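Hi everyone, thanks for making time.

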Amino acid sequence: MEYLISAVSGYLFGSFPTAYLLLKRTKGIDITNTGSGNVGAMNSYEVTNSKVTGIMVLIIDAVKGIASVFFIKLLYPDAFGFAALALVFAVFSHCYNPWINFKGGRGLATAAGGAAIMFPFVLAAWLLLWVITFIYKRDILLSNIAATILSLMITYSSANIAVKYAFPKPGSESELMLFATGILLVIFIKHIDPLKELLKEKKIFQKRNDNVQEN
C-alpha cells in the first residue's frame with residue numbers, strides 16, 4: 001500500500017500543468033501548440049517574452065517536486081524508497097501530463113526540486129556539468145543532455161558519496177542508483193527529439209554556438 005500511495009501522490013503532484021494553466025489564463029495562449037510545444041519554463045518565457053512568467057513556471061514546477069517528496073516524508077519519514085518513488089512519478093507525470101493529452105515539459109525543474117531534498121549530490125553534479133557544457137557550447141538543450149548523461153555516470157562512480165548526502169538514507173547504493181537512473185532516464189527520453197535535431201544540424205560537434213535554445 002505504501003508504494004501505491006507514494007506513486008499516486010507523486011503522480012498527482014507532478015501532473016499539475018503549471019505552464020499550460022498560467023499561460024491559458026493570463027495570456028490566452030495554449031502552450032502545447034505554441035513555440036516548441038514544450039510545457040515548461042523556457043518555452044513559457046519564449047512565447048510570452050516575459051521573464052516573470054518563465055520564472056513563475058520554473059518555481060512552481062520545482063515546488064511540485066518538493067511537495068511530492070515532502071508529503072511522503074511526512075507519512076514515512078525514514079523511507080528513502082517511498083519518497084524517491086513519489087519523485088519518479090512526479091517527474092513522469094510532469095513530462096507526460098494526463099490532463100493535457102500526455103504532453104508536458106522536460107522534467108528538469110520538478111526533478112531538481114525533489115532532488116534538492118533527497119539527493120543533493122546528484123543535483124550538484126548535474127548543475128556543475130550543465131554550467132561547464134553551457135560555457136563551452138552556449139546551447140541549453142545540449143547542456144541539458146550532457147549534464148543528464150554525465151551526472152548519471154558520476155553518480156554511478158561516486159555512489160558512496162551520493163548515499164552519504166542522501167536524505168533519508170537509502171538502504172543501499174543500488175537503491176539510490178535505481179531511482180536516480182529512473183528520474184534521469186525520463187529526462188533523457190524527453191530530450192531525444194532535440195538530440196536528433198542537434199545531431200542533424202551537427203551542433204554537437206561545433207565548438208561554440210551563440211544561439212541559446214529552449215529548455
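This is a predicted model: local features need pLDDT of at least 70, side-chain atom pairs count only at pLDDT 80 or more; totals for chains, interfaces and linings use all residues.

Okay, the overall picture. What does the secondary structure of the protein chain come to? We get 11 helices and 0 strands.

Now the overall dimensions. The C-alpha trace spans about 45 × 40 × 25 Å along its principal axes. For 215 residues, a compact globule would have a radius of gyration near 17 Å, and the protein chain has 17 Å, so the two agree. As for the inside, 52% of the 215 residues count as buried. And if you take contacts between residues at least 6 apart in sequence, 67% of them join residues at least 24 apart.

Let's zoom in on helix α1, residues 2-14. Its 13 residues reach 18 Å from the first C-alpha to the last, close to the 18 Å expected at 1.5 Å a residue. Which residues of α1 are buried? They are Ser6, Ala7, Ser9, Gly10 and Gly14. The cover over these buried residues includes α4 (51-75) and α5 (80-95).

Next, two single residues. Ala41 is in helix α3, residues 41-48. Is Ala41 buried or exposed? With a relative accessible area of 18%, Ala41 is buried, because the cut-off is under 20%. Leaving aside neighbours within four places in sequence, Ala41 is in contact with Gly54, Val57 and Leu58. Ile140 is 99 residues away along the chain, and the C-alpha atoms of Ala41 and Ile140 are separated by 13 Å.

Then there's Ile117, in helix α6, residues 108-118. Ile117 has a relative accessible area of 25%, so it counts as partly exposed. With neighbours within four places in sequence left out again, Ile117 is in contact with Ile66, Val69, Lys73 and Phe167. Phe82 is 35 residues from Ile117 along the chain, with 14 Å between their C-alpha atoms.

That's my tour, and I'm happy to take questions.

Technical notes:
Residues are numbered from 1 along each chain as its sequence is written. Side-chain values use heavy atoms; hydrogens and water are left out. Helices (H or I, at least four residues) and strands (E, at least two) are DSSP runs, numbered from the N terminus. The radius of gyration is taken over C-alpha atoms; the globule rule is 2.2 Å times the number of residues to the power 0.38. Buried means under 20% relative accessible area, exposed over 50%, partly exposed in between (1.4 Å probe, protein chains only). Contact means heavy atoms within 4.5 Å. The expected span of a helix is 1.5 Å times one less than its number of residues.
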